[in-house]
Amino acid sequence: MAENESINLILPDGSVKKANKGATAHEVALSIGPGLARDAVVAKLDGSFIDLTAELDRGGHFSILTFDDPEGREVYRHSVAHVLAQAVKRLYSDVQLGIGPAIDDGFYYDFDMPHALSEGDLQDIEQEMEKIVAQDLPFEQEELSRQEAIDMFEEMDEPYKVELISEMQQEAVSIYRLGEFVDLCSGPHLPSTGRIEAFKLLNVAGAYWLGDENRPQLQRIYGTAFDSASDLAEHIDKLQEAERRDHRRLGKKMDLFSLHPQAGPGLIYWHPQGYRVREVIEGFWRDTHRERGYEIVSTPHIAREDLWETSGHLETFSEDMFDPMDVDGIKYLLKPMNCPFHIMIYQSEMRSYRELPLRWAEMGTVYRYERSGVLHGLLRVRGFTQDDAHIFCRPGQVEEEIIGVVRLAQYMLSTFGYDDYSVKLSVRNPENPEEYIGDEETWDQAEGALARALDRIGLDYTEEVGEAKFYGPAIDIEMQDALGRGWQGPTIQLDFNLPQRFDMTYIGSDGDEHRPVMIHRTVLGSMERFFGGLIEHYAGAFPPWLASIQVQIIPVSEDHLDYAAEIQSDLSAHGVRAEVDDRNEKVGYKIRSAEVQKIPYMLVVGDREIAQQTVSLRTRNEGDLGPREYSEFRENLLHDIQNRYMEPSMTD
RNA sequence: GCUGGCGUAGCUCAACGGUAGAGCAGCUGAUUUGUAAUCAGCAGGCUGUCGGUUCAAAUCCGUCCGCCAGCUCCA
């Protein structure tokens, strides 16, 4: 290697940096700026990651990544996962390593070991990790041949690593040394453990090796890491905030719903306060659907086995269905989906092309057998009400119909305060046409219609090749809540299968029978899951139009009960959900009680208010706002409700 | 379903081999209250279930049921 041979590195801003061949990425970073060198996590040359300590033997597009880059963060956290594994190896005997990748908000590492890890062990492990960080051990890469690597990991009694290597295609296997610790890893990593600033182990849980439930179950430790203690603290705060907002906690505290495991797990009991909110949601849902050309239907909860035979559910969905019940010697099944029932309505008479599209919506309660371990509050239950709808249309109407559904979804989501979402278009894998029902032309047309619909609306989306179900392409919308967490929202699914299975037809303008296209769609998903999401999105503080109690009237003493009752009955007459706190308590107590219930408006009424026919207004977001003319308050209130504001706006 | 943890009053939690306790909520009474908790009293539990160990079990062991964290799966 010539001493002074130089290479050209093209930096992200387009400028060219000259460096000596053989210089390390770290040295280059240093020459760009000491700050960058300090923050550098890893480098990238022509799109491939390289360790900062690696020597550069050629030029190319070059960048230095820090923790602020998503990829830099991943490398950083992945490096911490190695430190975790090293600490566990030091502390416990007979430990076999699984894998330890970075994930969205942190990292994990899987272990197979006889000692059952508990949360209490995490502190010990963290302490050992701190020691490893203090030792500032360098991550040192080495390349071995496959066989050498297999021999080495066999020698080390690491069967999972051996399995991983055996699955690999390439001849050269990369390993990393960290002091006495060796791990199979393609890298890259931080230069040394001293670069790790802040980490925390979060929990421990079981996880199947390679995600396969037929393989051994390992113990998984989850953790997270940041490049500053304050960012870590902020992240922990966010986790705690999520805990505070947990719908199971708030649902109990606010008396919205309950579960009764002794009466059957995964089944929801809506309490009066919760059902009021649901009623408002459903009312809004019904009005919106009628306005947009839907008819509302209602169908039974059970149907003969034959129907599920025809629909194909018995074949593909029976594991998720409750066992049949016997009715006069005939088997009936509880419905896990509403679609066959809407098809029954379609089949009740001959259909003409003039009738299409038919849009039928139903708040359809379905039951699905979910494995016990997956049940979770309102989010994963065994009985739930879908805001389901099916659109039956001609193939040429698909594009317009999809636009209608997406616009409906956008309108409803934004009304509920979800303004950020991402859209996914699931299309078929053209390499496996045999996996899909329906001819190629139908698919091309349908996928084209979905994509054109999204384009015409101007929505960005990602196309997921091979994600389509066998019976048709789909659009899935994931919405972000107030904490930035993703929730599965509206889904729109084209179906070429059921119209065929039920031999659905309509008479076209040509007098011949044609096959309609069927679109399954849901906007809210299910009332249970959507409500759970809403509780967490709003932290229980529902906007005035949704709040179960919109106005709490607080009489100062017994003498003011009549005036309070007068106001309540007037508000009720105007459709407002108002209640009087007539308990024998001080004003401060009643205020606190209303605040804890997150009631949007509080009206304090005493002698002064009665004398002047006013109310003293307090809102949960702005606190004490002083006296108002009652009629003026009522007008503002109705305005807030009608416009579905997120918070009371009483600022005149 | 699997791995691990956990089931004590309506809720949140104590007691961890020797007759089960607090705060909040509830009820009763006093107080008549002015913007986030007035005071006093009362009541509330076959310690999830069934079985075992022990002179003695909420406490130790096992079973089943359920809950929690994940895995797998999903609206």
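## Salt bridges, a protein fold and an RNA strand

The side chains of Lys-335 and Glu-362 meet in a salt bridge, with N and O 3.6 Å apart; the term stands for a side-chain nitrogen of Lys or Arg within 4 Å of a carboxyl oxygen of Asp or Glu. Lys-335 sits in the loop between strand S19 (330–334) and helix H12 (339–347), while Glu-362 belongs to strand S20 (residues 358–367), so the pair ties together parts that are 27 residues apart in sequence. Helices here are DSSP runs of H or I with at least four residues, strands are runs of E with at least two, and both are numbered from the N terminus. Both Lys-335 and Glu-362 are buried. Buried means under 20% relative accessible area, exposed means over 50%, and partly exposed is in between, using a 1.4 Å probe and protein chains only.

A word on the model: it is predicted, so local features need pLDDT of at least 70 and side-chain atom pairs count only at pLDDT 80 or more, while totals for chains, interfaces and linings use all residues. Residues are numbered from 1 along each chain as its sequence is written, chains are lettered from A and ligands numbered from 1 in the order in which they are written, and side-chain values use heavy atoms, with hydrogens and water left out.

The structure holds 36 salt bridges. Here are three of them, with the N to O distance for each.

| Pair | N to O distance |
|---|---|
| Lys-335 and Glu-362 | 3.6 Å |
| Glu-401 and Arg-359 | 2.7 Å |
| Asp-581 and Arg-583 | 3.0 Å |

Glu-401 and Arg-359 meet through their side chains. Glu-401 is in helix H13 (residues 398–415) and Arg-359 in strand S20, so this pair ties together parts that are 42 residues apart in sequence. Glu-401 is buried, at a relative accessible area of 7%.

Then there's Asp-581, which forms its salt bridge with Arg-583. Asp-581 is buried, with a relative accessible area of 5%, whereas Arg-583 counts as partly exposed at 38%. Elsewhere, salt bridges with shared partners join Arg-90, Glu-128, Lys-131 and Glu-180 into one network.

### The chain as a whole

Chain A has 652 residues, and 51% of them count as buried. Its secondary structure comes to 20 helices and 33 strands, and the C-alpha trace spans about 90 × 75 × 55 Å along its principal axes. Take the contacts (heavy atoms within 4.5 Å) in chain A between residues at least 6 apart in sequence: 67% of these join residues at least 24 apart.

The chain is divided into domain 1 (6–66), domain 2 (71–242), domain 3 (273–300 + 335–537) and domain 4 (551–642), with bounds that come from an automatic or database domain assignment. Taken over C-alpha atoms, the centres of domain 1 and domain 3 are 49 Å apart.

### Some spots to look at

Start with helix H6 (residues 159–167), where Tyr-160, Lys-161, Val-162 and Ile-165 are buried. The buried residues of H6 pack against several elements, including helix H5 (146–155), strand S8 (106–112) and strand S10 (172–178).

Arg-195 lies in the loop between S11 and S12. Leaving aside neighbours within four places in sequence, Arg-195 is in contact with Arg-38, Asp-39, Ala-40, Val-41, Tyr-76, Asp-136 and Leu-190. The side chain of Arg-195 also reaches the backbone oxygen of Ala-40 at 2.4 Å, a polar contact: a pair of N or O atoms within 3.5 Å where, within protein, one must be able to donate a hydrogen and the other to accept it, and residues adjacent in sequence count only if both atoms are side-chain atoms.

His-537 has its place in helix H16 (residues 527–537) and is buried, with a relative accessible area of 9%. Its side chain reaches the backbone nitrogen of Ala-482 at 2.9 Å. Not counting residues up to four places away in sequence, His-537 touches Arg-245, Phe-416, Gly-417, Tyr-418, Asp-481 and Ala-482.

### Around the RNA

RNA strand B is surrounded by 51 residues, the closest being Gln-217, Arg-380, Asn-584, Arg-592 and Glu-609; a residue is near the strand if one of its heavy atoms lies within 4 Å of it. Sugar and phosphate make up 46% of the RNA strand B atoms that come within 4 Å of the protein.

Helix H18 (587–596) is among the elements that each supply at least two residues of this surface, and H18 gives the largest share, six residues.

Which base atom does the backbone of Val-381 approach? A base nitrogen of RNA strand B lies 2.8 Å from a backbone N or O atom of Val-381.
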